Amino acid sequence: MANKKSKYTITFPAFSFEKILLLEQLRKKLGLSAYEVSFMLGKHDFFIRDAENPLKTTLIDSEDSCHLMKVFLVPIEDITPPNMPVDDYQMVVTKEKAEKKKDRFQIDIQNAISSLSTPIVFVEEEKHVELPTVLEISDEQTVRDFIHGLYISGFFNNTRTALEIFDVCREDENFGENFHPRYMIRAIDYYTNRKSGNPILDNSRTNLFSRRLFFKPVDFEISELSGSISKVAIDKGFTSFRKVSEWVCNLDYRRNIDKDNALCLFNEQCGTCSTKHALLKRIADENSNEELQLMLGIFAMNAKNTPAIKDILKKYKLNYIPEAHNYLRAYNYLLDFTGIGINETKFELEILEEIEIQPEQITDYKVSYHRDYLDRWIRENGIPYSLDELWKIREECIKALTLSRLELQTERLSLRPFRKEDGKAMYELNDDPEVLQYTGDVQFENVAAAEVFLEGYNQYVEYGVGRMIVTLKETSEILGWCGLKYHPDPNEYDIGYRFYKKHWGKGYATESAIAAMEDGFARLGMKQILGRARTENTASIRVFEKLNMEFVEEFFEDGENWVLYQINR
């Protein structure tokens with residue numbers, strides 16, 4: 001069977017293409033594979049291979065060029081093409097399969113200068129190919145022992161790039177500046193591999209230039225004899241700091257009801273930056289770990305790092321608001337287990353001030369420290385608000401941030417938190433006697449009263465759940481509402497829904513309730529959700545049954561007969 005060829009006509013920036021050719025020639029002259037150079041750049045394994053592929057969009061920017069200059073130990077001129085007579089090359093790229101199912105490329109440049117007038121042919125490089133090299137290949141075990149020695153000496157107490165490790169190797173008399181990084185890369189792989197190596201290093205984060213970082217992770221065994229919190233952690237199956245920190249990070253982010261209780265995360269299955277990191281610090285203290293510090297930082301909360309508050313900052317003409325945040329420090333790097341997608345490297349650049357605190361200082365002391373900072377910030381920067389006014393603006397930001405995390409999507413529907421402007425729709429919904437017939441609720445006095453109710457609806461911020469507006473994706477039409485509600489006493493959640501009569505019988509209640517309940521089970525770790533309906537409300541009862549809820553009992557309340565359903569996980 002003939003080898004199938006594919007042809008592509010493309011336009012490629014001439015300067016970028018020439019740069020790639022120079023880098024490829026240089027790395028092959030030195031005997032460095034595409035994977036090895038990608039590793040030294042701190043990028044993904046196939047970054048250089050993709051950059052050398054004209055059908056990919058990966059480009060080597062100026063920052064990468066400066067980094068490669070240090071890897072290759074050459075002046076920047078050696079990897080910088082001269083001024084090009086054309087801006088773009090018009091190329092015809094022919095691709096076919098070569099040996100070992102690798103792609104073979106032939107590049108014909110239609111408007112080439114004389115040096116590129118003949119076709120360029122190359123075969124895609126295997127990941128772990130070992131090229132002949134003019135550099136010195138050291139003994140693999142010697143290199144591994146050297147990297148381990150760096151670990152013992154505290155070198156990895158700071159985050160390190162592959163180039164920083166490479167430079168230390170080249171400075172050592174056993175290796176020298178002609179040191180080839182092949183076995184250094186293997187040693188680092190060995191010390192970061194949890195499956196087949198000795199994972200004393202962590203490589204789970206990158207710096208501002210998206211370069212992989214290597215550092216000593218914080219991990220230790222938890223002993224149930226160390227203290228009461230550690231015993232609870234062991235009972236829950238968390239035998240190490242790594243395991244309990246992963247659990248903490250995955251817990252839903254919302255305020256705890258009893259955050260003075262050291263066990264509130266276990267009891268409530270949720271937490272904030274304060275309670276999450278305080279728990280981890282307490283476990284570290286109980287197990288005599290001295291590396292972990294609990295930090296209180298003030299950072300610049302702005303529209304870039306917190307997009308949900310963009311409109312609020314614009315409304316009050318503020319560039320940012322100083323916000324308090326708790327996190328951990330270990331050795332010389334920052335650890336954040338809040339679980340809301342904070343990039344530690346970027347966050348650290350936003351820190352305005354920080355101090356070390358103790359777990360019992362996450363409540364009143366934190367608020368006092370934060371307010372004192374804001375008071376000073378107002379005075380020093382001429383901010384046109386009083387401390388109390390600014391605190392209210394901050395609360396508005398926190399609410400917006402909370403609401404932004406609650407939106408849900410189904411095949412046909414969108415669920416979002418109530419807004420003040422939904423008052424008219426909610427008034428009209430309740431104005432139908434058949435809609436309210438079995439609810440026990442009464443109509444709002446007017447639209448303004450509905451708006452006041454929606455604006456003061458506190459389930460979202462207090463408990464991380466709430467009834468939500470249901471809209472049709474296709475048209476954005478408001479259909480009604482659906483969602484969970486938390487009842488602090490007796491500590492239970494129930495599902496509720498209410499739709500305009502014209503939308504009954506279309507499956508919207510079932511579809512939206514499934515989304516709300518699945519979110520409750522998955523995000524909040526709920527164990528049980530209840531459903532209540534009047535005995536004669538057969539339509540709602542049918543929805544309970546479609547939701548796989550089980551009948552529990554009939555009961556009498558407020559002069560009416562009701563049924564109770566439940567579903568457990």
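## The β9–β10 pair and its sheet

Strands β9 (residues 292–302) and β10 (residues 320–330) run antiparallel and share 11 bridges; pairing here takes at least two DSSP bridges between two strands. Strands (E, at least two residues) and helices (H or I, at least four) are DSSP runs, numbered from the N terminus. Along this pair, I298 sits opposite A324 in β10.

Zoom out and you get an open, antiparallel sheet of four strands, ordered β11-β10-β9-β12. The edges are β11 (333–335) and β12 (351–357), each with a single partner strand, so one side of each has no neighbour in the sheet.

## Where the numbers come from

This is a predicted model, with local features needing pLDDT of at least 70 and side-chain atom pairs pLDDT 80 or more, while totals for chains, interfaces and linings use all residues. Numbering starts from 1 along each chain as its sequence is written, and side-chain values use heavy atoms, leaving out hydrogens and water.

## Salt bridges

The structure has 41 salt bridges, meaning a Lys or Arg side-chain nitrogen within 4 Å of an Asp or Glu carboxyl oxygen. One of them joins R186 and E140 at 3.6 Å, N to O. R186 belongs to helix α7 (residues 182–192) and E140 to helix α5 (residues 140–153), so this contact ties together parts 46 residues apart in sequence. R186 is partly exposed at 34% relative accessibility, and E140 is too, at 29% (buried is under 20%, exposed over 50%, partly exposed in between; 1.4 Å probe, protein chains only).

K424 and E428 also pair up, with their closest N and O atoms 2.6 Å apart. They're four residues apart in helix α16 (residues 423–430), or about one helical turn.
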